[in-house]
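This report goes through one protein structure, with attention to its aromatic rings and its nonpolar core. Keep the structure in view while reading.

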Amino acid sequence: KWLQQYSACPGALKELAVFIVFTQPEHMELFKQTMACIAPEVPEDAWVGFIAVKPKAGWRRAVGAENQMIAAYKKWAGVVYMMDLPP
């Protein structure tokens, strides 16, 4: 619902950027398809998706505390991605 509200506000679209970090290209494609189905009014350019570089040791199993490690890695990947963008 948040992306729907965000994309409906011209001021928010002008002043904010939404970045979504995915672990696999298939996950980003599934997200796009799902958004087109459940919230077709949200334009695809309302958010920027990118795939995080796979850690050297591979992705941890998404169970228990491992989920926190995956989330932390993806957050830092997002920060680094945004730091590399032109001003």
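Predicted model: local features only at pLDDT ≥ 70, side-chain atom pairs only at ≥ 80, totals over all residues.

## An aromatic cluster

Phe19, Phe50 and Tyr81 form one aromatic cluster. In total, the structure holds seven aromatic pairs.

Trp2 and Tyr6 make up a pair of the stacked kind, with 5.1 Å from centre to centre and 5° between the planes. These two residues are four apart in helix H1 (residues 2-7), so about one helical turn separates them. Trp2 is exposed, at a relative accessible area of 51%, whereas Tyr6, at 5%, counts as buried.

The pair of Phe19 and Tyr81 is edge-to-face, because the planes of the rings stand at 65° and edge-to-face applies to planes over 60 degrees apart. The ring centres of Phe19 and Tyr81 are 5.9 Å apart. Phe19 belongs to strand E1 (residues 19-22) and Tyr81 to helix H4 (residues 66-83), so their pair ties together parts 62 residues apart in sequence. Phe19 is partly exposed, with a relative accessible area of 25%. Tyr81 is partly exposed too, with 28%.

## The nonpolar core

Which residues make up the largest nonpolar core? There are 12: Leu3, Tyr6, Ala12, Val18, Ile20, Phe22, Met28, Met35, Ala39, Val42, Ala46 and Trp47. Two or more residues of this core come from each of H1, E1 and helix H3 (25-38).

Tyr6 is thus named both in the stacked pair and in the core. Leaving aside residues up to four places away in sequence, Tyr6 touches Ala12, Leu13, Leu16, Ala17, Val18 and Ala46.

## The protein as a whole

The protein has four helices and two strands. Read from the N terminus, the order of its elements is α-α-β-α-β-α. Its C-alpha atoms fill a box of roughly 40 × 35 × 20 Å along the principal axes.

Of the 87 residues, 24% count as buried. Among contacts between residues at least 6 apart in sequence, 58% join residues at least 24 apart.

## Surface and charge

The accessible surface of the protein is about 6,600 Å², and 62% of this surface belongs to carbon and sulfur atoms. There are 9 positive and 8 negative side chains. The centres of these two sets lie 10 Å apart.

Notes
Residues numbered from 1 in each chain as written. Heavy atoms only, no water. Phe/Tyr/Trp six-rings, centres within 6.5 Å; stacked < 30°, edge-to-face > 60°. Buried < 20%, exposed > 50% of the residue type's maximum accessible area, 1.4 Å probe, protein only. Core = buried A, V, L, I, M, F, W, Y, C linked by side-chain atoms within 4.5 Å. Contact = heavy atoms within 4.5 Å. Areas by Shrake-Rupley, 256 points an atom, 1.4 Å probe, with all protein chains shown as cover. Lys, Arg positive; Asp, Glu negative; His and termini not counted. Charge placed at Lys NZ, Arg CZ, Asp CG, Glu CD.
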